[in-house]
Amino acid sequence: MNKKNKIKIVVNGRVLTVNFKFSIKNLIQKLKTPISKVAIELNGEIVDKKKLNKIFLKNKDIIEIVHFIGGG
Amino acid sequence: MRLDTFKIANKKFKSRLIVGTGKYKNMLECSKAIKISGAEIVTVAVRRVNISDSSKPLLMDYIDPKKIMYLPNTAGCFTSKDALRTLRLAREIGGWKIVKLEVLGDKKNLFPDMIETLKSTEVLTKEGFKVMVYCNDDPLMCKRLENAGASAIMPLAAPIGSGLGIQNKTNIKILRQQTKVPLIIDAGIGQASDAVQAMEMGCDAVLINTAIAKARNPFKMAEAMKYAVLSGRKSFLSGRIMPNLQGSPSTPIKGII
């Protein structure tokens with residue numbers, strides 16, 4: 001495995017290692033996340049779900065993927 | 001007879017019972033109780049997706065947001081910043097504009113931080129949100145929230161999850177007189193009679209979570225709350241008799257033997 005082509009990102013508090021030139025769309029596919037039921041934040045900014053394939057992740061990017069759960 | 005509906009941010013609702021989706025044993029129990037309650041609005045929370053197990057069931061698999069309106073809530077937020085972040089994300093999930101704002105100030109009694117709540121209401125309203133605001137029962141702060149553009153005023157009856165019922169009836173009565181947007185009792189309801197009282201005082205709706213979810217039989221309590229809200233509302237609309245310390249016989253005196 002060539003380490004030069006890998007980057008580390010943090011998704012929902014967990015460190016993941018992914019390939020260089022990995023888009024948010026790739027990430028969503030990898031995690032099998034139902035895109036219509038979530039919202040995504042990249043480094044504190046909300047990501048437009050229509051542009052997921054155009055946003056490529058960088059080393060140390062922080063991603064939050066949230067959805068609705070039961071609550072009061 | 002004209003149907004007794006009420007409107008939040010121009011959206012019409014028949015049921016005056018709003019229920020929370022937290023604290024149930026599982027999602028099946030939750031969805032069944034909601035169905036029995038007849039609620040058209042349910043509060044939901046925004047949390048991280050479980051990225052290690054994508055097979056876990058989602059709330060939307062059990063409660064269809066096309067049939068029941070999701071009301072994203074900022075439960076657990078202690079600052080305006082966190083609350084704003086949560087609701088912006090909620091809007092992004094599915095285009096929700098009607099939201100419930102809850103900025104807590106005290107970890108023990110879960111009372112709202114009204115300064116942060118007011119600040120958040122101002123920001124959210126400017127961003128186009130229709131904000132239903134969980135708040136204290138202080139008439140002055142409630143007026144400020146309304147002036148800031150709140151779509152509903154939601155004073156607590158008692159601390160969240162306490163089941164104590166309406167503690168300050170005088171304030172709720174004052175709020176009823178002054179509030180022009182929907183007035184919804186949020187938090188502190190413990191049993192059906194508490195919901196009846198809220199509705200008899202003229203509140204537009206009640207929001208209940210723990211009292212149903214944590215009842216020994218949540219389904220029976222969901223049904224009890226459904227009828228409590230209907231009963232209290234009818235009682236309010238029917239124009240009660242004036243209380244009187246003197247007795248007044250129900251049977252005519254004339255013709256007595």
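**Entry 1: covered or open?**

I began with a working rule: a residue is buried if 20 or more other C-beta atoms lie within 10 Å of its own. I also noted that I am looking at a predicted model.

With that rule I went to helix α7 of chain B, residues 192-200, and found that seven of its nine residues are buried, so it is mostly covered. I wrote down the buried ones: Ala192(B), Asp194(B), Ala195(B), Val196(B), Gln197(B), Ala198(B) and Met199(B). What do they pack against? I found β9 (184-186), β10 (205-208) and α9 (218-238) of chain B. I then followed the chain past α7(B) and came to Gly202(B), which has a positive phi near 95°.

**Entry 2: the core**

Next I looked up the largest nonpolar core, which holds 88 residues. Which of them touch the most other members? My list reads Val133(B), Ile153(B), Ile184(B), Ala195(B), Val206(B), Ile208(B) and Met225(B). Ala195(B) was already in my notes as a buried residue of α7(B).

**Entry 3: Ile34 of chain B**

I found Ile34(B) in helix α1 of chain B, residues 27-37. Is Ile34(B) buried or exposed? I call Ile34(B) buried because it has 24 C-beta neighbours inside 10 Å. Leaving out neighbours within four places in sequence, its contacts are Val19(B), Ala39(B), Val42(B), Ile63(B) and Ile68(B). I also checked Asp53(B), 19 residues away along the chain from Ile34(B), and the two C-alpha atoms are 27 Å apart.

**Entry 4: chain A on its own**

I turned to chain A, which has five strands and one helix. Reading from the N terminus, I get the order β-β-α-β-β-β. Its C-alpha trace spans about 45 × 25 × 20 Å along the principal axes. Of its 72 residues, 24% count as buried. Looking at contacts in chain A with a separation of 6 or more, I noted that 55% join residues 24 or more positions apart.

Then I traced the strands. β1 (residues 6-11) and β2 (residues 14-19) of chain A pair in the antiparallel sense, over six bridges. In that pair I found Ile7(A) opposite Val18(A).

How does β1(A) run beside β5(A), parallel or antiparallel? I read it as parallel, with two bridges joining the strands. Here Val10(A) has Ile62(A) as its bridge partner.

**Entry 5: where the chains meet**

Last, I looked at the contact between chains, which takes 20 residues from chain A and 27 residues from chain B. On the side of chain A, β3 (39-42) and β5 (62-70) are the elements that give two or more residues. The largest share, seven residues, comes from β5(A). By type, I sorted the residues on this side into nine nonpolar, six polar and five charged.

I followed β5(A) across to the other chain. It pairs with strand β4 of chain B, residues 41-48, over five bridges in the antiparallel sense. One of the partners I noted there is Arg48(B), which bridges to Val66(A). So my notes have β5(A) pairing with a strand in each chain: β1(A) and β4(B), by the rule that a pair needs at least two bridges.

Terms used: Residues numbered from 1 in each chain as written. Chains lettered and ligands numbered in written order. Predicted model: local features only at pLDDT ≥ 70, side-chain atom pairs only at ≥ 80, totals over all residues. Core = buried A, V, L, I, M, F, W, Y, C linked by C-beta atoms within 7 Å. Buried ≥ 20, exposed ≤ 12 C-beta atoms within 10 Å, placed from the backbone. Contact = placed C-beta atoms within 7 Å. Helix = DSSP H or I, 4+ residues; strand = E, 2+ residues; numbered from the N terminus. Nonpolar A, V, L, I, M, F, W, Y, C, P; charged D, E, K, R; others polar.
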